[in-house]
Amino acid sequence: MLQSYFRLDEHGTSVRTEILAGLTTFLTMSYIIFVNPEILAGTGMDKSAVFVATCLAAALGTLIMAFVANWPIGMAPGMGLNAFFAFTVVGAMGYSWQQALGAVFISGAIFVVLTVTGIRKWLVEGIPHSLRSAIAAGIGLFLAIIALGSAGIVVANPATKVGLGNLTAAPALFAILGFFIIAALDTLKVRGAILIGILVITVLSMVTGYNQFHGVFSAPPSLAPTFLKLDIMGALHTGFVHVILVFVLVEVFDATGTMIGVAKRAGLVPEGKPNRLGRALLSDSVAIVAGSFLGTSSTTAYIESASGVQAGGRTGLTALTIGILFLLSLFLAPLAGSVPAYATAPALLYVAGLMLRELIDIEWNDVTEAAPAALASIIMPFTYSIANGLAFGFISYVVLKAVTGKFKDIHMATLLVAVLFVIKYGFFPG
């Protein structure tokens, strides 16, 4: 049955290969079940409920990908947008996490419309490549400062804004060790390097008395504290317009770029032939909406899915395997609750470093491309906001292209986004 439903013969693969590929991808992306609850708990959300929501959202999104698109791609709450949700929308702007979930729902619904109508393709093609690369790199820098702060490596300093923390303190030492473990294992091509790093630091902190052991397995905690708690009407507040815009833009770029990249490696988007990219993106957008109901930030496709493709994954059976493993992870709640912030910090920092690779794709020889890209990347960590970085990037791109006579380089999609940000900061600065 699996053979025929997922058309394994047509894709030149087998049940065994697909299952092993699914296991490979799961090991490389499962760190999110520890990292996401740690980040979102800072908003006041129940950490155990977020753990359940993360597992369920990842499983649901991946299963939709398996059965609707038949692609070997794993889904889970995305890194970057979870930090924007927690530290910017709730932490800095002062909105409730319920309103933030409402914004996630609205952005997911918009993403569904954009995908179904084909506007998504127009939007993606209209955003300059340099800005897209800068957005990814800027989100990486944003994650980096969050990671360094939670580990106590970077601290507030009234004289210099930021300063170096106490590197002899336990949290900093654990985080530094964790980073080296993850980097070394990843260099040695060890599957699940990030997950192993988190678990090693967690166990080490328990052995040395800095953390308590709460067990490994148990029945899944209650989802009630976050289930259906989204405040959609509250998210329709005027101050949320740019928040929703950021969610939509990052979701569109992140999902599209990841899916095309992984699908190309798997040979699933042959030139000039029909493919299932539309179905895959629809799966992603539906998963975002579902995740907001469960109680987690935006779900997206994971680039770690490339590891499963490398292991031979070509169909939705790989995704089905990933989804089942996320469901089984629900029974790891005590372990997830025992993971300290300094154990997830090195994972965040390492992912941040990987995202900086995007900087090489910026056209540094063209100032009208490079300057907006640099501004977008720099502003995100320094203002603690992905939204501000996007605003500086899009507005400066349009201004520089216009004043240098390169009007034809300005796509309507880029102009539209820039105008929306100008309206937001000009008339609704709060």
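Predicted model: local features only at pLDDT ≥ 70, side-chain atom pairs only at ≥ 80, totals over all residues.
**Exercise 1.** Determine how helices H18 and H19 are oriented relative to each other.

*Solution.* Step 1: H18 spans residues 367-383 and H19 spans residues 386-403; they pack at an angle of about 160°, with axes 7 Å apart. Step 2: angles over 145 degrees count as roughly antiparallel. Step 3: H18 and H19 are therefore roughly antiparallel to each other. Step 4: the crossing of H18 past H19 is right-handed. Step 5: the residues of this contact comprise twelve nonpolar, six polar and two charged.

**Exercise 2.** Determine the orientation of H3 and H5 and describe their contact.

*Solution.* Step 1: helix H3 (residues 32-40) packs on helix H5 (residues 81-92) at an angle of about 20°, and the axes lie 9 Å apart. Step 2: angles under 35 degrees count as roughly parallel. Step 3: H3 and H5 are therefore roughly parallel to each other. Step 4: their crossing is left-handed. Step 5: H3 contributes Ile32, Asn36, Ile39 and Leu40, while H5 contributes Asn82, Ala83, Phe85, Ala86 and Phe87. Step 6: by class, these residues are seven nonpolar, two polar and no charged.

**Exercise 3.** Which elements give two or more residues to the lining of the second largest pocket?

*Solution.* Step 1: the volume of the second largest pocket is about 300 Å³. Step 2: its lining residues include Leu141, Ile145, Val154, Lys161, Pro381 and Phe382. Step 3: the elements that give two or more residues are helix H8 (129-150), strand S2 (154-157), strand S3 (161-164) and H18. Step 4: the lining has nine nonpolar, two polar and one charged residues.

How values were computed: Residues numbered from 1 in each chain as written. Heavy atoms only, no water. Axes fitted to C-alpha atoms, helices over the stretch in contact; angles between N-to-C directions. Helix = DSSP H or I, 4+ residues; strand = E, 2+ residues; numbered from the N terminus. Parallel < 35°, antiparallel > 145°, perpendicular 65-115°, else oblique. Left-handed = near helix turned anticlockwise from the far one by under 90°. Nonpolar A, V, L, I, M, F, W, Y, C, P; charged D, E, K, R; others polar. 1 Å grid on protein atoms, 1.4 Å probe; cavity = no way out; pocket = protein on both sides within 12 Å on 5 of 7 lines; lining within 4 Å. Points joined across faces, edges and corners; volume = space filled by probe spheres on them. Contact = heavy atoms within 4.5 Å.
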